Amino acid sequence: MSGQTDPELAMDQTRAVLEAGCRQGWHLGAQLSVHVRGVGGGHLSVGERRPGEPMTDDTLLRWWSAGKPRTALAVAQQVERGALVLDHPVAHWIPEFAAAGKERVSIRHLLTHSSGMRMAEALPEGLGEQEILAWICALPLEEGVAAGEGAAYDPQAAWQVLAELVTRGGGRPFADLVRSGILEPLGM
């Protein structure tokens, strides 16, 4: 592949990894769009949307867990600004989070699903953001699971706490920070 630029090579390597994932049954298909400083850097689509239907750059997909990448990026922006530190305990910014054995849980633990929290399936419906945060803060870690010692996937609780960290680190509501710091610069 001589003569290729680094970005071209990276896209070819990424395509190869995604195609291997399709062959190995990890996923039916995938799409990727890369933008650097607002400029499109490349698009690729591999595999199928569903069996028998090829995946294309124009295929529309549901975005399950779509908020997680935006939240992780918002956290990274606050870390880059120096407002948050990945390996500091969450309780440094949200003191009430330390309740029930969570005093050692760090931002990195939340981002890597290694916090020991696995309780969002029981999250009561109809709560406001601050009530959700208080509910999460009051709950203990999963019995026998220590922060940083193994995976404990939680689809919601960690992300609620991360959004609150972004708000406190950024000094503005989470939605405003995501809109102005991520979505608008990308033309979204």
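Of the protein's 188 residues, 32% count as buried. Keep in mind as you read that this is a predicted model.

**The overall layout**

- Starting at the N terminus, the elements follow the order α-β-β-β-α-α-α-α-α.
- Take the contacts in the protein with a separation of 6 or more: 57% of them are between residues 24 or more positions apart.

**Val-46, a buried spot in a strand**

- Val-46 sits in strand S2, which covers residues 39-50.
- Why does Val-46 count as buried? Its relative accessibility is 3%, and buried means under 20%.
- Setting aside neighbours within four places in sequence, Val-46 is in contact with Arg-15, Leu-18, Glu-19, Cys-22, Leu-28, Gly-29, Ala-30 and Met-55.
- Val-79 is 33 residues away from Val-46 along the chain, and the C-alpha atoms of the two are separated by 33 Å.

**H2 against H5**

- Helix H2 runs over residues 67-81, and helix H5 over residues 157-170.
- The axes of H2 and H5 come within 9 Å and cross at roughly 35 degrees; the crossing is left-handed.
- On the H2 side, the contact is made by Lys-68, Thr-71, Ala-72, Ala-74, Val-75, Gln-78 and Arg-81. H5 brings Trp-159, Leu-162, Ala-163, Val-166, Gly-169 and Gly-170.
- Sorted by class, the residues of this H2 and H5 contact are seven nonpolar, four polar and two charged.

**H4 against H5**

- H5 also packs with helix H4 (residues 129-138), at an angle of about 115 degrees and with the axes 10 Å apart.
- The H4 and H5 crossing is left-handed.
- Which residues meet here? From H4 they are Gln-130, Ile-132, Leu-133 and Ile-136, and from H5 they are Ala-157, Gln-160, Val-161, Glu-164 and Arg-168.
- The contact of H4 with H5 has five nonpolar, two polar and two charged residues.

**The second largest pocket**

- About how much space does the second largest pocket hold, and which residues line it? The pocket holds about 200 Å³, and its lining is made up of Glu-129, Gln-130, Ile-132, Leu-133, Gln-160, Ala-163, Glu-164, Thr-167, Pro-173, Phe-174 and Ala-175.
- Helices H4, H5 and H6 (174-183) each supply at least two residues of this lining.
- By class, the lining of the second largest pocket has six nonpolar, three polar and two charged residues.

- His-109 is buried, because its relative accessible area is 16% and the cut-off for buried is under 20%.
- Leaving out residues up to four places away in sequence, His-109 touches Arg-104, Ser-114, Ser-115, Ala-147 and Gly-148.
- How many cavities of 30 Å³ or more turn up in a search of the whole structure? The search finds one.
- The largest cavity has a volume of about 30 Å³. Its lining includes His-109, along with Leu-110, His-113, Ser-114, Ser-115, Met-117, Ala-152, Tyr-153, Asp-154 and Ala-158.
- Five nonpolar, four polar and one charged residue make up that cavity lining.
- Ser-114 and Ser-115 are among the cavity-lining residues, and His-109 touches both of them.

**Positive phi angles in loops**

- Ala-100 is found in the loop between H2 and H3. Its phi is near 60 degrees, a positive value in a residue other than glycine.
- Is Ala-100 buried, partly exposed or exposed? Ala-100 counts as partly exposed because its relative accessibility is 40%, which lies between the 20% limit for buried and the 50% limit for exposed.
- His-113 is not a glycine either, yet it has a positive phi of about 55 degrees.
- The place of His-113 is in the loop between H3 and H4, and His-113 is one of the residues lining the largest cavity.

Conventions
Residues numbered from 1 in each chain as written. Predicted model: local features only at pLDDT ≥ 70, side-chain atom pairs only at ≥ 80, totals over all residues. Heavy atoms only, no water. Buried < 20%, exposed > 50% of the residue type's maximum accessible area, 1.4 Å probe, protein only. Contact = heavy atoms within 4.5 Å. 1 Å grid on protein atoms, 1.4 Å probe; cavity = no way out; pocket = protein on both sides within 12 Å on 5 of 7 lines; lining within 4 Å. Points joined across faces, edges and corners; volume = space filled by probe spheres on them. Nonpolar A, V, L, I, M, F, W, Y, C, P; charged D, E, K, R; others polar. Axes fitted to C-alpha atoms, helices over the stretch in contact; angles between N-to-C directions. Helix = DSSP H or I, 4+ residues; strand = E, 2+ residues; numbered from the N terminus. Left-handed = near helix turned anticlockwise from the far one by under 90°.
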